[in-house]
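Hello,

Here is the structure I promised to pass on to you.

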Amino acid sequence: MATWNSRGLRGSSLEEFINMTNDTYRTNGLALIQKVPTPITPINIDKASRHITLAYFDQKSTVDYIGVVQGVPVCFDAKECNKDTFPLENIHRHQVAFMENFEQQGGISFILISYTKRDLFYYLRFSKMMEFWQRKEQGGRKSFRFEELEPDYLLPKNRGVLVPYLDGLQRDLSERD
């Protein structure tokens, strides 16, 4: 049983950026993406502030976001990384299984990574993530380096969108055809 604490706030600025991006995409009729709430059971509640101070997770969460982009089902998880090496332990086995099942059903899965040290966002395709994951499972590196990433999936800062992940999705879709 996992316990909620302040570590749960890691990535909250990334989440806020993605939520604002999702609002922009929805307003412009481009996508309908929802944040998947993590189910918790409160243990202690500060009566004065009405804030949960201690809770446990009811079940393992799947991914952070799920929805549809112009008829294409998508799901993705958002991760922050402050180094040039991303530890695969930050992606959980149950998340990989969910994304794999989602892909088998015709959806598109990916990971959005905020490289905070570099001040950039990266769209990690599911197939590329699986290359890294399988390498780890076969006894190889338990992380991947920034240099191993596909430069075409770095997300540009433009067009009034904070995290323009639809650019990565478009490239991903075109390479699947």
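**Ser109 and its surroundings**

Leaving out residues up to four places away in sequence, Ser109 touches Cys75, Met99, Phe102, Glu103, Arg125, Phe126 and Arg176, where contact means heavy atoms within 4.5 Å. Ser109 sits in strand S8; helices (H or I, at least four residues) and strands (E, at least two) are DSSP runs, numbered from the N terminus. Ser109 is buried, with a relative accessible area of 0%; buried means under 20% relative accessible area, exposed over 50%, and partly exposed in between (1.4 Å probe, protein chains only).

A word on the source: this is a predicted model, in which local features need pLDDT of at least 70 and side-chain atom pairs count only at pLDDT 80 or more, while totals for chains, interfaces and linings use all residues. Residues are numbered from 1 along each chain as its sequence is written, and side-chain values use heavy atoms, with hydrogens and water left out.

**The protein as a whole**

The protein has 4 helices and 11 strands. Of its 177 residues, 39% are buried. Among contacts between residues at least 6 apart in sequence, 64% join residues at least 24 apart.

Neighbours within four places in sequence aside, Tyr165 is in contact with Thr21, Asn22, Tyr25, Ile33, Phe76, Phe110, Leu112, Tyr123 and Leu155.

**An exposed loop residue**

Asp119 lies in the loop between S8 and S9. In contrast to buried Ser109, Asp119 is exposed, with a relative accessible area of 53%. The C-alpha atoms of Asp119 and Asn82 are separated by 9.3 Å, and these residues are 37 apart along the chain.

Which part would you like to look at together?

Best wishes
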